[in-house]
Amino acid sequence: MSQMRKLVEELKTRREDALHMGGAEKVARQHDRGKWDVRKRLDALFDPGTFLEYGIHAADHKADRTPASHRAPADGVVTGTGLIDGRMVAVAAYDFTVLGGSIGEVGETKVTRLRELVLRSRIPIVWLIDSAGARIHKDSGFKEQASMFAATGHLFREQVHLSGVVPQVCAMVGPGAAGTAYIPGLADFVPMVKGTSSMALAGAPLVKAAVGEDISEEDLGGSKIHTRVSGNADLQVKTDEECLQIVRQYLSFFPANSSEQPPRKPYKSPNAEGLAPLADGELLADQILDVLPEGSRTPYDMTKLAAMIVDDGELFQIKPKWAQNLLCAYARIGGMPVGIVANNPKYLGGVLDVDSADKAARFVSTCDAFNIPLVFLMDVPGFVVGSAAEQSGIIRHGAKMLFAVADATVPKLTVIVRKAYGAGYYVMCGRAYEPDLLVAWPTAEISVMGAEGMVSIFARKMLAAMPDEETREQAKQQMVSVIKEGINPYLAAGWGYIDDVIDPRETRQQLLHALIRTQNKVVERPHRKHGVVPV
């Protein structure tokens, strides 16, 4: 056998060995925990046969200080690029079977290299986190550990520089502690696998040692905590397989980078050849006329209404279990990706609070960064009020949403479904916030507040002076009726403050028409380094 053939055989052996990562025993243990190994995850994430790995020969160079059983193929993190739906995407996949998926020096060198390539190539990046955090060698001296730490941190700085340039996805398919917890904190989209994933600045043992709190990893930072309580994660899924399919689906709404337009899916109007924005086929079924309840203060589920106006009724919800009084979802209208922001009266009457304002601000900013048009479905009684709201910082959080909506330059299309009260009207893209379409259903009420609220304020003394409850109620209802006549949408339309009052069945048709019209939208803003975002 020639020297070259021997070397090629050796190369093949080395590659095959690295593919087994931590070894058969550790991979089997991973599977027993209900988790996939890193190689299977990559097969599911990318189009078949398209993944190309970089850095497969990486190793932990402190191996001589550890037992002979020490294995560190790829230094615990697999990096490379491949195709997702035919488009190039980069991945950094931490593998728990190799030293707990901890971040080592060589592994971080690889991921740094990957981030550089992502920025140059302008392609999305996906992190698959299954990691115990920063690597600590038991046999290393404390001085050496401290010295190494002084050189770290560029990972997060570079993530900030990637923000808004390329989509960043961080799938939590296992634990993410300390350093690997900030990766999802800076990513655009974070799904978590129920029962096997977690993220926290300190794991349960360190929490116990530091503050004396005895708590499980799940209760500390499991998927339920972060998708329902903290809002740090976007979706909870059941399995690794579902998580990786969700990542693929999420990226399908996004361009490769901020200089491109989002990908369109083939679309044909139901009753017309080609794309016919005014075709009768875009008129919605009469069913939409029955979505709203009779009483203007009666709750209903906005999710059902939103599904009626988008392609195939499909909504890709973001944070569906957190701040449920606001619906944020990606969808398509006529094959074109849109971001939907909608008040949901089913929860808290659709009022805007601290969490829903933050949720909206983040979602709007993400859509604007990647040229995804925004559709606002408005049924908002305003912002929550009271001492508790003020102490929680409702002004500051509401300002975040206001800032994001005002700052966005993508097409903005607003449909006033029912209530449009107070500052809620502003932040849901009312007239002053440059909507490219502003239409209302006949049920719309545009006012500083509801009729009942107005009466309770300006007629308080008058009503209190009336002799009995029945008289007071009759007088109140008469005044409410008069005020409601003054806040109906036809008055706003008559002054030219809204574009039209529409039949609800025309909603999809109007939105599709506006999306086509605004494809070349240009907005000029004053030159600045950046705005000062409220925090």
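## Overall make-up

The protein chain of this predicted model has 535 residues, of which 51% count as buried, and its secondary structure comprises 21 helices and 16 strands. Among the contacts with a separation of 6 or more, 72% are accounted for by residues 24 or more positions apart. The accessible surface of the chain comes to about 25600 Å², and 55% of that surface belongs to carbon and sulfur atoms.

## Salt bridges

E10 counts as partly exposed because its relative accessibility is 37%. E25 counts as exposed, at 61% relative accessibility, whereas R29 is partly exposed, with a relative accessible area of 38%. An α-helix has 3.6 residues a turn, so residues three or four places apart point the same way.

Another salt bridge joins the side chains of D286 and R505 at 2.9 Å, N to O. This pair links distant parts of the chain, 219 residues apart, with D286 in the loop between helix 11 and helix 12 and R505 in the loop between strand 16 (500–501) and helix 21. Both partners are partly exposed, D286 at 48% relative accessibility and R505 with a relative accessible area of 27%. Elsewhere, K35, R41, D130 and D240 are linked in a network of salt bridges.

## Surface patches

A patch of positive charge gathers K194, K224, R228, K238 and K321 on the surface. Of these, K321 is found in the loop between strand 9 (316–317) and strand 10 (326–333), and K321 counts as partly exposed because its relative accessibility is 43%.

A nonpolar patch on the surface is formed by M4, L7 and V8, which together have about 290 Å² of accessible area. V8 is found in helix 1 (residues 3–19) and is partly exposed, with a relative accessible area of 43%.

## Buried sites

D368, in helix 13 (residues 354–369), is buried yet has no salt bridge, and the nearest side chain of opposite charge, that of K412, is 7.3 Å away. Leaving aside neighbours within four places in sequence, D368 is in contact with D407, A408, T409 and V410.

Y300 lies in the loop between helix 11 (240–251) and helix 12 (302–309) and counts as buried because its relative accessibility is 6%. Y300 and P345 are 45 residues apart in sequence but 5.7 Å apart in space, C-alpha to C-alpha. Not counting residues up to four places away in sequence, Y300 touches several residues, among them V291, L305, P345, D379 and R418.

In helix 21 (residues 507–517), the buried residues are T507, R508, Q509, L511, L512, A514 and L515. Their cover includes helix 12 and several strands, among them strand 11 (336–343), strand 12 (374–380) and strand 13 (412–421).

Notes. Residues numbered from 1 in each chain as written. Predicted model: local features only at pLDDT ≥ 70, side-chain atom pairs only at ≥ 80, totals over all residues. Heavy atoms only, no water. Patch = residues over 30% accessible without salt bridge, like charges linked within 9 Å, V, L, I, M, F, W, Y side chains within 5 Å. Areas by Shrake-Rupley, 256 points an atom, 1.4 Å probe, with all protein chains shown as cover. Salt bridge = Lys/Arg side-chain N within 4 Å of Asp/Glu carboxyl O. Lys, Arg positive; Asp, Glu negative; His and termini not counted. Charge placed at Lys NZ, Arg CZ, Asp CG, Glu CD. Helix = DSSP H or I, 4+ residues; strand = E, 2+ residues; numbered from the N terminus. Buried < 20%, exposed > 50% of the residue type's maximum accessible area, 1.4 Å probe, protein only. Contact = heavy atoms within 4.5 Å.
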